[in-house]
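Dear colleague,

Please find below the sequence and the structure that I am handing over to you. My account of what was found follows directly after them.

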Amino acid sequence: MSRFWSAGVADLTPYVPGEQPQMQRLIKLNTNENPYGPSPRVLAAIREALGSDADALKLYPDPDARRFKQAIATRFGLEVANVHVGNGSDEVLANVFQGLLKHDKPILFPDITYSFYPVYCGLYGVAFENVPLTETFEIRVDDYLKPNGGVIFPNPNAPTGRVLASGEIERLLAGNPDSVVVIDEAYIDFGGESAAGLIAKYPNLLVVQTLSKSRSLAGLRLGFAIGHPDLIEALERVKNSFNSYPLDRLAQAAGVAAVEDDAYFEQTRQAVIASREGLVTRLEALGFDVLPSTANFVFARHPSHDAAQLAAALRERSIIVRHFKHARVAQFLRITVGTEAECQTFTQALKEILAG
């Protein structure tokens, strides 16, 4: 702590991102990156953006990222006025907490969920209440039908991977007509149904997505929110009061190409889904309890082996998974779905560890 810090900085508890280790021959199953590279059309778009004008990078990018917004709007059958974009969905969420969730009443989100939410609350002075998941780690909509300053949760939830059905989301929206309901759909493309189709019916709905997972662009930082124009205007006001140019030229070009390449998107997401189902089968054969997942990861525990010790033993074999210390889930491991070969190597390593 320094005497030069602004008031309140010492009280912040920053988010801790997943480890990015520099190990040789690493099987990295800890941060839910897509095991497959981005669309070839993305790489071509970046090359074109670099090669079309040698001086292009000396100029600022489009501050409104209009082509990228239009690609998103077209995909979801919306208008550009329904779209807000940012430097990864984390920046979009930061704008959401600042622009839509700071009210007198506390916002609601699950006790086991994306750990950035309480960090934003601390940063922006947003009151919040943790709502416990059920014993089977599900979101119970009835728990959110009470006075609040807003509701936010990932769907599928992270790190559990459990999805809330669209009918339940609609019941949640109808039960909170005076609050913004934010559905964080970082993993929706791996088996869930997006709430985007409900935007026209519910002006209190905001859907947030990222291109980091199903579009394989974690390294470029592209995220977006879609919702009623009134909600989007709030986010644009926050964005333009903080950073008018969040997306650079190359990211915008890549984003358009990624959103428009449906064939590659479908091919890779189906490959991840298939590997996930095989991974679940093999884990269960090894005695693991695995929560139902519609994400690109699984959440699993072994009834007779400590999760932290398993994670450490895997690390000795250059395989990295995510272990959380929260009491309710301390015996779970979150395992990213890798390539089929990586999943096979991972489960073989587990088999050897369990055999002692």
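**Helix packing**

Helix 2 (residues 66-76) packs against helix 7 with the axes 8 Å apart and at an angle of about 15°. Helix 2 is therefore roughly parallel to helix 7, and their crossing is left-handed. On the side of helix 2 the contact is made by R67, F68, A71, I72 and R75, and on the side of helix 7 by Q252, G255, V256, V259 and E260.

Before I continue, please note that this is a predicted model, in which local features need pLDDT of at least 70 and side-chain atom pairs count only at pLDDT 80 or more, whereas totals for chains, interfaces and linings use all residues. Residues are numbered from 1 along each chain as its sequence is written, and side-chain values use heavy atoms, with hydrogens and water left out.

The terms used above are defined as follows. Helices (H or I, at least four residues) and strands (E, at least two) are DSSP runs, numbered from the N terminus. Axes are lines fitted to C-alpha atoms, for helices over the stretch in contact, and angles run from 0 to 180 degrees between N-to-C directions. Angles under 35 degrees count as roughly parallel, over 145 as roughly antiparallel, 65 to 115 as roughly perpendicular and the rest as oblique. A crossing is left-handed if the near helix is turned anticlockwise from the far one by less than a right angle, and right-handed if clockwise. Contact means heavy atoms within 4.5 Å.

Helix 7 (residues 249-260) also packs with helix 1 (residues 40-51): their axes come within 8 Å and cross at roughly 150°. The two helices are therefore roughly antiparallel to each other, and the crossing is right-handed. R41, V42, A45, I46, A49 and L50 of helix 1 meet L250, A253, A254, A257, A258 and E260 of helix 7.

A further pair is formed by helix 3 (residues 88-100) and helix 6 (residues 229-240), whose axes come within 9 Å and cross at roughly 105°. That makes helix 3 roughly perpendicular to helix 6. Here N95, V96, Q98, G99 and L100 in helix 3 meet L231, A234, L235, V238 and K239 in helix 6.

An open sheet of five strands has the order 1-11-12-10-9, with mixed pairing; two strands pair if DSSP finds at least two bridges between them. Strand 1 (27-29) and strand 9 (289-290) each have a single partner strand and stand at the edges, so one side of each is left without a neighbour in the sheet. Helix 8 (residues 262-285) packs on the sheet, where it touches strand 9, strand 10 and strand 12 (333-336), and its direction makes about 10° with that of strand 10.

Strand 1 pairs with strand 11 in the parallel sense over three bridges, and I27 stands opposite I319 in strand 11. Strand 11 and strand 12 run antiparallel and are joined by two bridges; the partner of H323 in strand 12 is L333.

Buried means under 20% relative accessible area, exposed over 50%, partly exposed in between (1.4 Å probe, protein chains only).

**Individual residues**

F265 lies in helix 8 and is buried, with a relative accessible area of 6%. Leaving aside residues up to four places away in sequence, F265 touches R75, D189, S214 and R215.

Most residues other than glycine have a negative phi, and most peptide bonds are trans. N32, in the loop between strand 1 and helix 1, has a positive phi of about 60° and is buried at 1% relative accessibility. A65, in the loop between helix 1 and helix 2, has a phi near 45° and is buried at 2%.

The peptide bond joining N155 and P156 is cis, with omega about 0°; the bond from A158 to P159 is also cis, with omega near 10°. P156 is in the loop between strand 5 (151-154) and helix 5 (166-175), and P159 is in the loop between strand 5 and helix 5.

Yours sincerely
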